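Dear colleague,

I am handing over the structure we spoke of, and below it you will find what came out of going through it. Please read the notes with the coordinates open beside them.

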Amino acid sequence: MSKLQAVRGMNDILPDEAERWEAFETIVRDWLRGYGYRPIRMPLLEHTPLFKRAIGEVTDIVEKEMYSFEDALNGENLTLRPEGTASCVRAVTEHNLLYDSPRKLWYMGPMFRHERPQKGRYRQFHQVGVEALGYAGPDIDAELIIMCQRLWDDLGLMGIRLEINSLGSPEERLKHRAELIAYFEAHQDQLDEDAKRRLHSNPLRILDTKNPAMQALVEAAPKLSDYLGEESLAHFNAIQDTLRAANIAFRINPRLVRGLDYYNLTVFEWVTDQLGAQGTVCAGGRYDGLIAQLGGKPAPAAGFAMGIERLMALWDAGEADALVERVEAYIVHSGTGAQAAAFALAERLRDGGFATLMHCGGGSFKSQMKRADASGAMVALILGEDEVAAGEVTFKPLRGGEQMRISADDVGEHLAAMLLGGYGSDEDDTLQQTDFQ
């Protein structure tokens, strides 16, 4: 019988890497709490029209990438969420969360897009999403960008650059759109098939083409910045002033348009050269019209999403491993009454907050000590017939320090002293397995 495998592009995260993810998630939660954001959790499945209405039907996501199907039980058209903003806004609207005040919300979890799997781009990928709903001023746009820089600093990430742009108001985009269509119509012979298809449905997306043959044409196209009115320019300039005051370097990229239709005014991306073609690690902007578009009372909003896989690829493995919480004590036991004593000791240590692994499955002292060392624990707590009879435990540091017999009642105190660095010596940094042969 053949061995079953995971769906292509939907990857297992194995224990070593999963522990690094948990360390990353702990940093992210603390970072978000520092800015007053609260968690929200939305379902993985939504009605398909939600994403078609929010993202735009003439987008790569809706046209090519969504995992959509008809529920055979009731005929509903459903989609695995390809991004989180639409789901978050749907939840906020459905439950009337903006009835009394603005909301700062965040979520973390898997998203799904049917793309060609490659490093940094998977069919099931994970994002941290941040949404500030009910805030109209440029100050919240700037704060969203500034808080990203703080996370890069917290993670020790280098070489991530900020690009920003303004898409203006819908009215300003309409004027620009007409000029853009006229310009590209005059150069139809230079358009690729994708650009021709989008010419009348979503010409702004042509500016984001990756086709080298069209770069000169796109560079000479009418720029949206030339169509921005006083209000849009004031909003954009205020963001730039705040970023400069915060010593955050940025580049204005007039071709930055984002791949979702709901954006207006501010858009931004944090990019890197360290991940090859998948250079965007975080992106977002303002989407003032989306709440009304999904049936809610009109309200401004802005946010961003960052790819966890891409950030994990940038995060130094040594720094990540240093933050992983390891087992602190491993209990080795053998002989009459030792197993019951081991269970009791393990639960007592867990009551005291110590991560404790008790050996299960039998085996000699030598094999158990090998397991203890491989576990990464700081200390082996050894219970044999002699220790049980005397109400004692053999306390053996595994990463340097002297072995000793202590009262079973004092194990927590000795373990705490070791973890605080006030116990034992570092003269012996190797495991003396010969004592237990």
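Cys 88 is buried, with a relative accessible area of 0%, and please keep in mind here and throughout that this is a predicted model. The cysteine sulfur closest to that of Cys 88 belongs to Cys 282 and is 15 Å away, which is too far for a bond, given that a disulfide requires two cysteine sulfur atoms within 2.5 Å. The structure as a whole holds 0 disulfides. Cys 360, for its part, is exposed, with a relative accessible area of 54%.

Turning to the helices, α2 (residues 48-55) and α4 (residues 85-94) pack with their axes 10 Å apart and at an angle of about 110 degrees, and the two are therefore roughly perpendicular to each other, since angles of 65 to 115 degrees are counted in that way. On the α2 side the contact is made by Leu 50, Phe 51 and Ala 54, which meet Ala 86, Ser 87 and Arg 90 of α4. Sorted by class, the residues of this contact are 4 nonpolar, 1 polar and 1 charged.

A last point concerns a loop: Gly 120 lies between β5 (103-112) and β6 (124-133), and with a relative accessible area of 17% this glycine is buried, because the cut-off for that label is under 20%. From Gly 120 to Leu 144 the distance is 23 Å in space, C-alpha to C-alpha, with the two standing 24 residues apart in sequence.

Definitions and conventions
Residues are numbered from 1 along each chain as its sequence is written. This is a predicted model: local features need pLDDT of at least 70, side-chain atom pairs count only at pLDDT 80 or more; totals for chains, interfaces and linings use all residues. Side-chain values use heavy atoms; hydrogens and water are left out. Axes are lines fitted to C-alpha atoms, for helices over the stretch in contact, and angles run from 0 to 180 degrees between N-to-C directions. Helices (H or I, at least four residues) and strands (E, at least two) are DSSP runs, numbered from the N terminus. Angles under 35 degrees count as roughly parallel, over 145 as roughly antiparallel, 65 to 115 as roughly perpendicular and the rest as oblique. Contact means heavy atoms within 4.5 Å. Ala, Val, Leu, Ile, Met, Phe, Trp, Tyr, Cys and Pro count as nonpolar, Asp, Glu, Lys and Arg as charged, and the others, Gly among them, as polar. Buried means under 20% relative accessible area, exposed over 50%, partly exposed in between (1.4 Å probe, protein chains only).
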